[in-house]
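Here are my comments on the model. Please read them with the structure open.

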Amino acid sequence: MAQQIIGILIAALLSQNFILVKFYGICPFMGVSKKIDTALGMGMAVTFVMALASFACYWVYQLLLLLELTYMQTVAFILVIASIVQVVEMFLKKMVPALYKALGVFLPLITTNCAVLGVVLVNVAEGYDVLISTVNGAAGGLGFTLAIVLFASVRERVDKAECPESFKGFPIALITAGLLALAFMGFSGLSIF
Amino acid sequence: MNFKKQFMEGLLTKNPVTVQLLGMCSTLAITTSLFNGLGMGLAVTIITICSNVLISALRKVIPNQIRIAAYITIIAGFVTIVDLCLQAFLPDLAASLGVFIPLIVVNCMVLGRAEGFASKNGVLASAVDGLCQGIGYTVALVITCIIRELLGSGTFGGGLLNNGEGIRIIPEGIPAMQMVMPVGGFLVLGCVIAGSQWLMKYLNNKKAKEGAK
Amino acid sequence: MKTESNVMYVVRLAGTLLLIAAIVAALLAGVNMVTAPIIEQLNYEKTQAAINAVLPGGGEEIAFTDDTGMVAKVYKSEKGYAVQVQPAGFDGTIDMMVGIDHEGKILGISIISHTETAGLGAVAAAKTSAGENFRGQFVGESGSVGTAKRGTGTLDAITGATITSEAVCTGVNAALDCVANLG
């Protein structure tokens, strides 16, 4: 059990990193990575929602299995994720205003972050139990945070550098991400225990 | 309604991939062979048209506060329908696209068109918009696919032509397999976007010169 | 000015959303009714084709014991066994069928479904010459298999896909162990 959890942690953080290897959550990765502090805020918010969504969707899927409605899974999961994001937003606003101030602007964006729906669908496809699902969700979120913070810190410098006219803006950012992905390729193989 | 203008917007000036940077996850992940690119493009086009039409038809019924939730529900419905149909009628494509079919739900392009266009325009215009944006998406995907497949596997038309093996253009052993891996996805898409930025600038300059004459 | 009370407004919001969800659900149920039997038939045919590929003529499903947690089903005929194993690949599970004769020699392997990287790990399942060569190496092997690259055996791994190749070997070994335990 412990071995499986460590394996999942290493895979989600490094060798199977959600962004740089599996391509989940590229939109916020490109969109919210201009500054390190906003990137960190987004990462924390995503990690929180991913762990919570993995936990909740496990039970939702069990219910769907019971009702023999598994073909409804995508619709059910996205509604669960949307509601979780909404509830988390309201809860933080009322109870922890400081945290809400830090994460608030990112929360609505998370619903359409495919890392969240992606991790839930992977959990179901791999048949993980509730503990492993939640760990996988949290670890995936941490992997997302790691990638986006690293990327933001490089991008802050790239934006000041000179580059060919046509490559200004997103093209050079994508190439930077490519080089980052190249570095993460070195971790492949770590996942096998 | 201006079909030509909408078509040019979808294809180049407001291309969902190269200009609006929407739906990047699937763009990067599945563009490893021509078969995948065409299949994904077609699936997204169909879903965008359907969801645009329905959302446009319902735009006066859906209350403003819950519109995003309503849109996502409708889109998720269409995505599941396409997913089930692919599994039943095109199982090879379904297996090769895998989890990225259900992930079309959160493809920001579909939701982006629903929120940005279908919620403000008529049914017919929304259908045309879905079609044009879908074509733009497919073209960007196919171009990325062709480059990545050629550099990464050395073939053209993998999964489609020549028994699924594709036509070999570069001899085995030379192509860099990194190009079909994530690294290649980022690098090639970066270059494709740079190319489209260059093309738009070129066309604008040409127009300006003609205008000066 | 609001023309309706807050409560009514919330009810109307919830009602509209519920109605949309209900319509979508009904639509999906309809589509599912049409596609579910076809998908099931396809999966059945795929599994049968995989059994036939590794154990000509097919076989009867039998009970088995398994310590690895990878063996899904075992089929038996007078020619030998077809073992369905599901090892973890580079990305997700590889669903495959291993044919083993009564002497414990591998008759062949066939991959039913996988989510490996296109052009790399996916070669293991491809109908190309590289794929046939990779799968062909297993025929006649017995005891335990592994890749030369990892030093676990003598087989050639697929170029750029050592993990996938090693995963296929892990699955084959689970199948060999399972058959050995059957006696």
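In which hand does α3(B) pass α6(B) at their crossing? Point 2 takes this up.

1. Basis. This is a predicted model, where local features need pLDDT of at least 70, side-chain atom pairs count only at pLDDT 80 or more, and totals for chains, interfaces and linings use all residues. Residues are numbered from 1 along each chain as its sequence is written, chains are lettered from A and ligands numbered from 1 in the order written, and side-chain values use heavy atoms, without hydrogens and water.

2. Helix pair in chain B. The crossing of α3(B) past α6(B) is right-handed (the near helix is turned clockwise from the far one by less than a right angle). Helices here are DSSP runs of H or I, at least four residues, numbered from the N terminus. α3 of chain B spans residues 34-57 and α6 of chain B residues 108-118; their axes come within 9 Å and cross at roughly 30°. Axes are lines fitted to C-alpha atoms over the stretch in contact, with angles from 0 to 180 degrees between N-to-C directions.

3. Who touches whom. Contact means heavy atoms within 4.5 Å. From α3(B), the residues include V44(B), I47(B) and I55(B); from α6(B), they include M109(B), V110(B) and R113(B). By class, this contact has 7 nonpolar, 4 polar and 1 charged residues. Ala, Val, Leu, Ile, Met, Phe, Trp, Tyr, Cys and Pro count as nonpolar, Asp, Glu, Lys and Arg as charged, and the others, Gly among them, as polar.

4. Chain B against chain A. Each chain gives 34 residues to the contact. About 3,100 Å² is buried between them, 85% of it on carbon and sulfur atoms (accessible area, 1.4 Å probe, lost on being put together, summed over both parts). C25(B), V106(B) and F186(B) lose the most area in chain B, together 21% of what that side buries.

5. E165(A) and K201(B) form a salt bridge at 3.8 Å, N to O. On the chain B side, α8(B) gives the most, 12 residues. That side divides into 26 nonpolar, 7 polar and 1 charged residues.

6. Chain C against chain A. Here 10 residues of chain C meet 9 residues of chain A. The buried area is about 910 Å², with 64% from carbon and sulfur atoms. L28(C), F90(C) and I163(C) supply 42% of what chain C buries there, more than any other three residues.

Technical notes:
Buried area = accessible area lost by both parts, 1.4 Å probe. Helix = DSSP H or I, 4+ residues; strand = E, 2+ residues; numbered from the N terminus. Salt bridge = Lys/Arg side-chain N within 4 Å of Asp/Glu carboxyl O.
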